[in-house]
Amino acid sequence: MIAVASATAAEKDWIRKLLDERWDGPEIVSRGQWADASELPALIATSDGEPVGLLTYRLHWSDLEVVTLDSLREGQGVATALLDAVREIAGEEGCKHIWLATTNDNLQAMGFYQRRGYRFAEVRQGALTKAREKKSSIPKIGQNKIPVRDEIELRLDLEK
């Protein structure tokens, strides 16, 4: 059973450590805007009291952006549980959309989000090339030996 709850101040160190391990630090860029993901609202998924996933997010007027999403147990529903929980928050906040950005090489993520109703909203060509000016640790070659250049935005429309 996976439980999801808002992160507490006591979990800040764990969040920072995970972001360092998975994202090479808490600095994240999307739509050309930088954020320190360790300072954003966060949801933590647990199983048997052990943290197994993290989602950080921020609100933009009538939209909610998923900034980071990490599952420590692939294929067990952790990421889906986190997305379901953030969707509830977006509904409570009156958001019209949930959106997120990934890189052009992350084919697995693009499939994962599409299976959950997210659709391609925008491709920002060259966005990662520009982002490397501030965060040089962003890899130039990613999954499947694909050059990492572009940011892909996926969006879930909440209004029917």
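## A pair in the sheet

L59 stands opposite L64 of β6. The model is predicted. Strands β5 and β6 are antiparallel, and eight bridges join them.

## The sheet

β5 and β6 belong to an open sheet of seven strands. The strand order is β1-β4-β5-β6-β7-β9-β8, and the pairing is mixed. At the edges are β1 and β8 (119–124), each of which pairs on one side only. Ignoring direction, neighbouring strands of this sheet are turned by 30 degrees against each other on average.

Helix α2 packs on the sheet.

## Helix α2

α2 covers residues 78–92, which is 15 residues. At 1.5 Å a residue the helix should span 21 Å. After α2 comes G94, with a positive phi near 75 degrees.

## The buried residues of α2

Which residues of α2 are buried? They are V78, A79, A81, L82, L83, A85, V86, I89 and A90. An α-helix has 3.6 residues a turn, so residues three or four places apart point the same way.

What do the buried residues of α2 pack against? On the strand side, the partners are β1 (3–6), β4 (42–47), β5 (50–60), β6 (63–71) and β7 (97–103). A helix, α3 (107–115), is also a partner.

Notes
Residues are numbered from 1 along each chain as its sequence is written. This is a predicted model: local features need pLDDT of at least 70, side-chain atom pairs count only at pLDDT 80 or more; totals for chains, interfaces and linings use all residues. Side-chain values use heavy atoms; hydrogens and water are left out. Helices (H or I, at least four residues) and strands (E, at least two) are DSSP runs, numbered from the N terminus. The expected span of a helix is 1.5 Å times one less than its number of residues. Buried means under 20% relative accessible area, exposed over 50%, partly exposed in between (1.4 Å probe, protein chains only). Contact means heavy atoms within 4.5 Å. Two strands pair if DSSP finds at least two bridges between them. Axes are lines fitted to C-alpha atoms, for helices over the stretch in contact, and angles run from 0 to 180 degrees between N-to-C directions.
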